[in-house]
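Open the model in a viewer with residue selection ready.

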Amino acid sequence: MINEIDTLDVLNKMCSDTLMEHLGITYTEVGENYLVAEMPVTPNHWQPMKILHGGATLALAESVGSALSVIKTDIKKYEVKGMEINANHIRSIRTGTVTAKAHFIHKGSMTHIVEVNILNEQEKLISVCRITNIILKKQNGGK
């Protein structure tokens, strides 16, 4: 297992030229069964009512929930794919930073279920999301 700083560095470098970079998502903390990322809330993240777009929230949740499964899987032999995501939006936000805290609810050999809580700067719950990832054996011996 690589250390926390290396893991965060690798994850953040993987975001170059992706939706995560466009949205400003940054991975900030990793632990045994959790991963944390942050995203600014700016007009680029708004829906027409000038509040955080639910799609941006889901992109953040999927980014951190999928990455948690990836860093806890032997990706030389297996690949991680999202199967399902859902969200309940509790409150809105117009500006600031949101933090996504992902942790495993279930970590099986073929599926991972991850809960992601999206919090504002006052640590009030903005959204709660649940992601199901499938772990598939790579074809061609992992090459």
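**Stop 1: Asn 133**

Select Asn 133 and, leaving aside neighbours within four places in sequence, show what is in contact with it (heavy atoms within 4.5 Å): Gly 65, Ser 66, Ser 69, Val 80, Lys 81, Gly 82, Met 83, Met 110, Thr 111, His 112 and Val 114. This is a predicted model, in which local features need pLDDT of at least 70 and side-chain atom pairs pLDDT 80 or more, while totals for chains, interfaces and linings use all residues. Numbering starts from 1 along each chain as its sequence is written, and side-chain values use heavy atoms, without hydrogens and water.

Asn 133 has a relative accessible area of 0% and is buried (under 20%, 1.4 Å probe, protein chains only). Its side chain makes a polar contact of 2.9 Å with that of Ser 69 (N or O atoms within 3.5 Å, one able to donate a hydrogen and the other to accept it).

**Stop 2: the sheet**

Asn 133 lies in strand β6, residues 125-137 (strands are DSSP E runs of at least two residues, helices H or I runs of at least four). Colour the six strands of the open antiparallel sheet, ordered β1-β2-β4-β5-β6-β3; strands pair if DSSP finds at least two bridges between them. The edge strands are β1 and β3 (78-89). Eleven bridges join β3 to β6; find His 89, whose bridge partner in β6 is Ser 127.

**Stop 3: the core**

Next, select Tyr 27, Leu 35, Val 98, Val 116 and Ile 118, which touch the most other members of the 31-residue largest nonpolar core (buried Ala, Val, Leu, Ile, Met, Phe, Trp, Tyr and Cys joined through side-chain atoms within 4.5 Å). Helix α3 gives the largest share, eight residues.

Methods
Buried < 20%, exposed > 50% of the residue type's maximum accessible area, 1.4 Å probe, protein only.
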